[in-house]
Amino acid sequence: MEHTERVHDPKYADWDVVVSVGNTDAFVKALMLFCAHGDTLLVDEWTYPAIMETVAPMGIKLAPVAMDTQGIVPEALDKVVGEWSGESRKPRVAYMIPTAQNPTGATMSAERKQAIYAVAQKHNLVLIEDDPYYYLQFAQYIPAEQVQDQEDRYRGLPGLKGLVPSLLSLDIDGRVIRLDSFSKVLAPGLRCGWITAPKYITDKIQFHNETSMHQPSGLSQALVSKLMNEEWGHAGWERHLVQIQREYAVRRDLFVDLCYKHLKGKVEFTVPDAGMFLWFKVNLNADARAKKGVMQDIFNAMINNHVMLVPGYMFSPLGECDEVMDKPYMRAAFSYASIDQFEVAVSRFAKALAPFTN
Ligand SMILES: Cc1ncc(COP(=O)(O)O)c(C=O)c1O
């Protein structure tokens, strides 16, 4: 709670925090409080695949909302809800990933969050803020040719104080359910996270916890608690975050430099200011554009070239239908491979794309 106060400074009184075993679990619990069989959940046009897997057996449908380089477009959200003509009752909940969105890498600015929050107020929406990449914000990309001193790229890392304010920090009505996780900043195997929301909501989630996982593993909680409370404190936590921000910034810069070097003309992308994903729009040539199943062909070409990116259709809330199968998008992650594998990977991707691009 002390951390939440420092970082998000919630604007209403009766907020509280409850533990989770990470954001995937937290999402289900938040969803179950507000959506029933037959309801529709508003989501990004491209989103985290676990959402599709979670809602399908619950009989909850997804309504994708158009995105741009900052994530969900507020006007589009307003239109989808305001002119709702779906079979279900009007959606009451919107799920979004405001920082380093999975898969597009988009990060919402403070202004974008304010505009989204205003739409949520207008239509009385609950916002599920799934923000596991929140702490992985870093400096803007400086093109390689403009870099005099490599260190220029890593000045001004945000630490804890320079992070874009969260939706939670704007919330005056108690309509944001914020999901945080240690998965991307300590270790995913800890299965530890926390949910911040009005107390009447966290109480219900606590009750749900008691009838499902009881608690995150005691061993994990003890490790996190020892680290945070006895070893690091706030200052140490911030130092750790700056180190991770730097690690990801180094990876982003190297990866982006190589993409400019090897993929020119083949793809378009926006350089992310946070996280671990690069979202490519593949510039298909005329033959490739005319071919049904072309993204599956590219997928096979990647396998043959020993490189793997995730095709866009796997992130579509509409499922693997004709409408999305050949949309020319691919997600790269620059988190897993070692840095010395980057150039080989990017040049293999270029080779896989060659028959399909100019
Ligand atoms: C948007 C999003 N939410 C949640 C998760 C998983 O988080 P956790 O390990 O906390 O369940 C991921 C990725 O692993 C993700 O991209």
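Let's start with a salt bridge: the side chains of arginine 153 and aspartate 257 meet in one, at 2.9 Å from N to O. By salt bridge I mean a side-chain nitrogen of Lys or Arg within 4 Å of a carboxyl oxygen of Asp or Glu. Before I go on, this is a predicted model, where local features need pLDDT of at least 70, side-chain atom pairs count only at pLDDT 80 or more, and totals for chains, interfaces and linings use all residues. Residues are numbered from 1 along each chain as its sequence is written, and side-chain values use heavy atoms, with hydrogens and water left out.

Okay, domains. The assignment gives us domain 1 (2-223) and domain 2 (253-353), with bounds taken from an automatic or database domain assignment. Their C-alpha centres sit 25 Å apart. Domain 1 puts 28 residues into the contact and domain 2 puts in 23, where contact means heavy atoms within 4.5 Å.

How much area is buried between domain 1 and domain 2? About 2,100 Å², with carbon and sulfur atoms giving 67% of that. Buried area here is the accessible area (1.4 Å probe) that two parts lose on being put together, summed over both. On the domain 1 side, Trp46, Pro103 and Tyr141 lose the most area to domain 2, together 34% of what that side buries. And the rule finds two salt bridges across this interface.

A cis peptide bond joins asparagine 102 to proline 103, with omega about 20°. Proline 103 is in the loop between strand S6 (93-96) and helix H5 (110-123). Those labels are DSSP runs numbered from the N terminus: helices are H or I with at least four residues, strands are E with at least two.

Now, helix packing. H2 (residues 23-34) and H7 (residues 199-211) pack at about 115°, axes 10 Å apart. Axes are lines fitted to C-alpha atoms, for helices over the stretch in contact, and angles run from 0 to 180 degrees between N-to-C directions. From H2 we have Lys29, Met32, Leu33 and Phe34, meeting Ile201, Lys204, Ile205, His208 and Asn209 of H7. By class, that contact has five nonpolar, two polar and two charged residues. For the classes, Ala, Val, Leu, Ile, Met, Phe, Trp, Tyr, Cys and Pro are nonpolar, Asp, Glu, Lys and Arg are charged, and the others, Gly among them, are polar.

The other pair is H8 (residues 218-262) and H12 (residues 342-353), whose axes come within 10 Å and cross at roughly 35°. Among the residues in the contact are Phe255 and Leu258 of H8 and Val346 of H12. This one divides into seven nonpolar, two polar and three charged.
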